[in-house]
Amino acid sequence: MNDRHDAPGEGGRAVLLRGGTVHSPADPRATALLVQGDTVAWVGSEAGADSILDGARGAAVEVVRLDGALVTPAFTDAHVHATATGLALTGLDLSGAGTLGEALARVRAHAVARPGDPVLLGQGWDASRWPERRPPTRAELDAAAGGRPLYLSRVDVHSAAVTTALLDRVPDVTALTGYHPDRPLTGAAHHAVRAAALAGVGARQRDQAQAAALARAAALGIGTVHECGGPDISSEDDFTGLLRLAAERPGPRVVGYWAEHVTGAAGADKVRALGAAGAAGDLFADGSLGSHTACLHQPYADTGGTGAAYLDAAAVAAHVAACTEAGLQAGFHAIGDAAVTAVADGVRAVADALGRARVRAARHRVEHAEMLTPRTVAAFADLGLTASVQPAFDAAWGGPDGMYAERLGPGRARTLNPYAALLRAGVPLALGSDSPVTPLDPWGGVRAAAYHRTPEHRIPVRAAFTAHTRGGWRAARRDGGGLLVPGAPADYAVWAAGWDHGREGDGPEAAAPGAAWSTDARPAAPALPPLAPGGQLPVCVRTVVAGRTVHERPNE
């Protein structure tokens with residue numbers, strides 16, 4: 001319920017939220033929040049809220065009655081691909097296909113439903129979950145698509161199954177690394193065919209997809225996304241179009257990263273001209289475990305081979321040196337242990353040449369960073385590297401029977417995604433989804449980090465939440481956001497009340513009996529909901545970015 005009163009202050013509309021629970025380190029027992037324009041002005045108690053209204057003079061204030069709801073900082077998803085996410089939301093998503101036959105049936109239905117699309121696009125298939133244990137053949141896809149161009153990216157987006165008609169659009173594709181006549185494409189062949197497929201996406205379809213992705217993010221309480229674009233992933237038009245869309249319409253903030261290798265001032269200037277926050281994101285040092293392209297020190301357990309090395313330590317060092325000299329944030333995609341080692345060694349070489357303090361100040365980042373060792377964890381901490389990680393990867397593919405164990409064997413698989421070791425070492429963490437690889441789902445990501453399939457890698461709910469809020473702001477070199485304290489940006493989400501606030505059980509943090517919205521028994525800890533596996537996740541009823549409502553649940 002909203003009321004209007006007289007309110008103090010100038011310089012923007014005042015909004016007082018009261019009668020709920022406010023997650024704030026400024027007052028762990030806060031029930032009210034005052035926003036002035038685009039900034040948090042005050043956090044406190046009901047008595048304090050009464051005093052604010054009693055002392056109001058002259059201006060109007062909107063009073064939002066929370067009725068027991070929880071208010072938190074809006075989430076930041078530190079790794080997304082907006083256009084691909086939107087295309088999955090509005091098009092062919094095979095992530096739910098339980099068999100090869102079901103996937104082919106969905107392709108046939110999609111082809112019938114989209115007769116005018118120049119290229120059929122789909123994503124999300126995962127043959128490791130199918131009883132057939134194999135991807136579709138080219139002949140099967142040719143038949144299902146009716147002979148039309150079709151691009152189907154694997155769930156990790158590091159390989160794709162395609163039709164003959166799409167291959168015909170890429171001259172000399174058979175000579176490129178990663179081409180195989182009847183297996184999914186990887187490497188250069190995949191990148192070339194993906195570019196041809198995405199060239200068939202018109203500006204209108206792209207804008208609709210991007211708008212759908214941002215709307216879904218807002219509906220989940222996400223106030224900021226880090227878009228990871230680049231010449232091997234999307235296009236400059238796609239990247240700048242998203243930044244323009246975000247600037248022109250109410251919605252989540254978009255921090256853009258452009259993954260192009262920089263070796264000098266001209267390259268850095270190009271990245272800045274595109275509007276990017278850094279030459280980072282998916283600048284590939286390697287590929288993925290699911291596609292057997294993550295670069296390993298020792299061979300894969302199921303196929304042999306050690307994956308693909310796209311950048312060595314010297315190439316990493318050249319990029320980091322140029323970015324550091326230009327004052328630009330650098331970053332890489334690195335999953336396999338050999339790729340992570342190459343990144344750490346390359347950054348170390350730059351620290352030796354330019355000074356450790358300069359490298360640390362630049363806050364360079366590494367996406368995924370799954371196969372870490374004690375040596376590389378220590379290097380991340382020493383060099384100030386942010387680990388931009390996706391806990392949903394472990395939830396999807398971890399455990400003794402998961403895809404990671406199949407690819408690496410159970411021993412190596414248990415070492416993956418060691419979030420607790422990273423936290424102990426002081427490595428900054430930022431959480432994300434890599435959507436559409438895994439869905440936008442911030443509370444699910446917090447839960448996955450807290451209930452990691454390997455118990456020694458679990459981190460407290462509170463630490464995971466911080467990494468998914470304030471950690472995302474810090475990863476983008478933007479301090480002061482991601483928490484609700486006076487002077488902070490007014491980016492927040494309101495979560496419905498009315499579900500079980502009781503003890504979380506044997507989870508990483510248990511709630512004190514009767515402590516509403518709290519997973520921490522400490523009496524002065526800011527509130528958070530219980531997130532035990534199998535329980536209901538919080539439902540977002542309103543998302544606000546810079547003081548503007550960008551999502552409101554119907555009938556709320």
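1. A residue is called buried here when its relative accessible area is under 20%, exposed when that area is over 50%, and partly exposed in between, with a 1.4 Å probe and protein chains only. By that rule Ala369 is buried, because its relative accessible area is 2%. The model is a predicted one, in which local features need pLDDT of at least 70 and side-chain atom pairs count only at pLDDT 80 or more, whereas totals for chains, interfaces and linings use all residues. Residues are numbered from 1 along each chain as its sequence is written, and side-chain values use heavy atoms, with hydrogens and water left out.

2. Ala369 sits in the loop between E17 and helix H13 (374-383), where helices (H or I, at least four residues) and strands (E, at least two) are DSSP runs numbered from the N terminus. Not counting residues up to four places away in sequence, Ala369 touches Ala334, Val340 and Phe380, contact being heavy atoms within 4.5 Å. Ala369 and Asp168 are separated by 201 residues in sequence and by 36 Å in space, C-alpha to C-alpha.

3. Helix H6 has twelve residues, which at 1.5 Å a residue should span 16 Å, and its end C-alpha atoms are 17 Å apart, in agreement; the expected span is 1.5 Å times one less than the number of residues. Its buried residues are Gly187, Ala189, His190, His191, Val193, Arg194, Ala196 and Ala197. Their cover includes strands E10 (120-125), E11 (150-154) and E12 (160-162), together with helix H5 (164-167).

4. Arg194, which lies in H6 (residues 187-198), deserves a separate look. Arg194 is buried yet has no salt bridge, and the nearest side chain of opposite charge, that of Asp232, is 6.4 Å away; a salt bridge requires a side-chain nitrogen of Lys or Arg within 4 Å of a carboxyl oxygen of Asp or Glu. The backbone oxygen of Asp232, however, lies 2.3 Å from a polar atom of the Arg194 side chain. Leaving aside neighbours within four places in sequence, Arg194 is in contact with Tyr151, Val157, Asp232 and Ile233.

5. Asp172, in the loop between H5 and H6, has a positive phi near 60° and is exposed, with a relative accessible area of 62%. Arg363, in the loop between helix H12 (356-362) and strand E17 (365-368), has a positive phi near 55° and is partly exposed at 25% relative accessible area.

6. Ser435 and Pro436 are joined by a cis peptide bond, with omega about 15°, and Pro436 belongs to the loop between strand E19 (429-431) and helix H18 (442-450).

Terms used. Lys, Arg positive; Asp, Glu negative; His and termini not counted. Polar contact = N/O pair within 3.5 Å; in protein donor to acceptor, adjacent residues only side chain to side chain.
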